[in-house]
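Please look at the sequence and the model first, then read on.

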Amino acid sequence: MPDIPVLVLVLLCLAALAAGWIDAVVGGGGLLLLPALLLGLPAATPAAYTLGTNKAIAIVGTGGAALTYVRKAPVEVGTAVRIGLAALAGSSAGALFAAGMSTEVLKPVIMVVLLAVAAFVILRPAFGTAPATALVGRRRKLAAIGLAGLGIGFYDGLIGPGTGTFLVLALTAVLRLDLVTASATAKIVNCCTNAGALATFAWQGTVLWRFAALLAVFNLAGATLGARTALKQGSGFVRVVLLTVVFALVANLAYQQWLA
């Protein structure tokens, strides 16, 4: 257990709670949790321990949200797992590719893409509000595996921020899901990718397990509440949270690119 003042520990628990809620509704909880860990853990903590601990916390919340969604939302678990396995492969490839290039070059491109996405969602009020299509053809499922799995998985390994949000958008567009069902499917995909990353960190011994267990309780509570809120409030509510997270992600990337 790292030596952290009680007040800082309480704030980290609250950050884990809020991150779980955001991540369950529309993805992007890492935008809050990871910076909080970087600020809250002792300055001498190696980055690998921060990243590994973050994954150990997040996978608990993601799993809880996925279970809550699966019980009440029309999720095709088999399709979601296939996309998740593809995303796992894509993220591994992205991580290898990242070792040989500067990701700073890609951040402005990602910001432009996100702003274009925000404009599309704003100009298309009906996007993701129609009920999920009952039958989806094989071609669309393969396209989802390629785009949401391999493509966004590659991005996750290469850069990472906003992966959950991109998954929700891609699944809504390709599989013709409503935003609530897309969020549910994205949680299952995230479970697959988080499991792969956590296995790597655990093998390297870079996880603060007892500290992660404490924050994971709060992350799980936030994620379960977030999933229930999304199910109760519907796609219109998720749409508002989605736009908020997209703009927060743009601001975060802009800060890293030009101010940090």
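## A buried aromatic pair

Tyr-155 and Phe-166 are both buried (under 20% relative accessible area; exposed is over 50%, partly exposed lies in between, with a 1.4 Å probe and protein chains only). This is a predicted model, where local features need pLDDT of at least 70 and side-chain atom pairs count only at pLDDT 80 or more, while totals for chains, interfaces and linings use all residues. Residues are numbered from 1 along each chain as its sequence is written, and side-chain values use heavy atoms, with hydrogens and water left out.

## Two ring pairs

The count comes to two aromatic pairs. Rings of Phe, Tyr and Trp (its six-membered ring) pair if their centres lie within 6.5 Å; planes under 30 degrees apart are stacked, over 60 edge-to-face, and the rest tilted. Trp-21 and Phe-237 form an edge-to-face pair, with 6.0 Å centre to centre and 80° between the planes. Trp-21 lies in helix 1 and Phe-237 in helix 10 (residues 235–259), so this pair ties together parts that are 216 residues apart in sequence. Trp-21 is partly exposed, at 24% relative accessibility. Phe-237 is also partly exposed, at 25%.

The ring centres of Tyr-155 and Phe-166 are 5.3 Å apart and their planes stand at 85°, so this pair is edge-to-face. Tyr-155 sits in helix 6 (residues 138–158) and Phe-166 in helix 7 (residues 163–175), 11 residues apart. Helices (H or I, at least four residues) and strands (E, at least two) are DSSP runs, numbered from the N terminus.

## Helix 1 against helix 2

How do the axes of helix 1 and helix 2 cross, and at what angle? The axes of helix 1 (residues 6–26) and helix 2 (residues 30–40) come within 8 Å and cross at roughly 165°. That makes helix 1 roughly antiparallel to helix 2 (angles over 145 degrees; under 35 is roughly parallel, 65 to 115 roughly perpendicular, the rest oblique). Axes are lines fitted to C-alpha atoms, for helices over the stretch in contact, and angles run from 0 to 180 degrees between N-to-C directions.

Residues of helix 1, including Val-8, Leu-12 and Ile-22, meet residues of helix 2, among them Leu-32, Leu-33 and Gly-40. Contact means heavy atoms within 4.5 Å.

## Thr-79

Thr-79 is placed in helix 4 (residues 77–98). At 8% relative accessibility, Thr-79 is buried. Leaving aside neighbours within four places in sequence, Thr-79 is in contact with Lys-141 and Leu-175.
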